[in-house]
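Dear colleague,

Please find the structure below. A short account of the findings follows it.

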Amino acid sequence: MKLKHLSYFEEKLEDKLEDKKYFPTIENLSAQIYELLSLAYEESPWTRAYILADIINENSDYFFLEEEGQIVGLLAISTIMDELEITNIAIHPDFQGQGLASFLLTEVSTFSGTLFLEVRKSNLAAQKCYEKFGFKIYHTRKNYYDKPLEDALLMRKEQF
C-alpha cells in the first residue's frame with residue numbers, strides 16, 4: 001500500500017499532477033474521492049464540486065492510501081495559522097479495521113498547534129480512534145449532520 005500526499009500551496013495544481021503515474025487528472029482524482037466517500041459513508045458528505053474546490057484550496061492537504069491504483073483511504077486537512085482541522089478521513093469498507101485511519105492520523109502528529117475535527121455522535125469507532133491520539137470532546141453541535149439527522153461531537157487536541 002502506498003501513501004501519497006497532495007498539497008496545492010503556491011504551485012499550480014496542473015504542475016503537481018503532471019506525473020500521471022503519481023496522480024490522475026484532477027477530475028479523475030475528485031471522482032475517486034467522491035466514490036470512496038460514498039462507499040465509506042453510504043452517501044458522500046461532499047459533492048464533486050466541493051471536492052474539486054477543496055483540492056485546489058491553498059490551505060488544504062490530502063493524504064491518500066492507494067492499493068493497485070485505487071484510493072482506499074484518505075485524510076483531508078485544512079490548516080490556517082496554528083490550527084489544523086481534519087476535514088475528512090475515510091477508509092474503503094473492504095479495508096476498515098486494519099489500522100489505516102490510525103496510520104493516516106500519524107501524518108498530523110508533528111503539527112504544532114491546535115488540531116480539531118467533528119464526528120458523528122454514533123460513530124463510536126472513529127471517536128475511539130481519535131481518543132487514542134489524544135483528542136477530547138469539547139462541544140456538541142445539535143442536528144449538525146443529515147441523512148440521518150444527528151449531532152456532531154467536536155473534538156480537539158493541543159500539540160505544542
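A salt bridge is a side-chain nitrogen of Lys or Arg within 4 Å of a carboxyl oxygen of Asp or Glu. By this rule the model holds 5 salt bridges. This is a predicted model, in which local features need pLDDT of at least 70 and side-chain atom pairs count only at pLDDT 80 or more, while totals for chains, interfaces and linings use all residues. Residues are numbered from 1 along each chain as its sequence is written, and side-chain values use heavy atoms, leaving out hydrogens and water.

One of the salt bridges joins Asp-151 to Lys-142, with the closest N and O atoms 3.4 Å apart. Buried means under 20% relative accessible area, exposed over 50%, and partly exposed in between (1.4 Å probe, protein chains only). Asp-151 is therefore buried at 11%, whereas Lys-142 is exposed at 60%.

Another salt bridge connects Lys-147 with Glu-43 at 3.3 Å between the closest N and O atoms. Lys-147 is exposed, at 61% relative accessibility, and Glu-43 is partly exposed, at 44%.

Arg-141 and Glu-118 also meet in a salt bridge (2.8 Å, N to O). The former lies in strand S6 and the latter in strand S5, 23 residues apart; strands are DSSP runs of E with at least two residues, numbered from the N terminus. Arg-141 is partly exposed at 34%, as is Glu-118 at 21%.

Finally, strand S7 (residues 150–159) is mostly covered, with 8 of its 10 residues buried.

With kind regards

Note on methods:
Helices (H or I, at least four residues) and strands (E, at least two) are DSSP runs, numbered from the N terminus.
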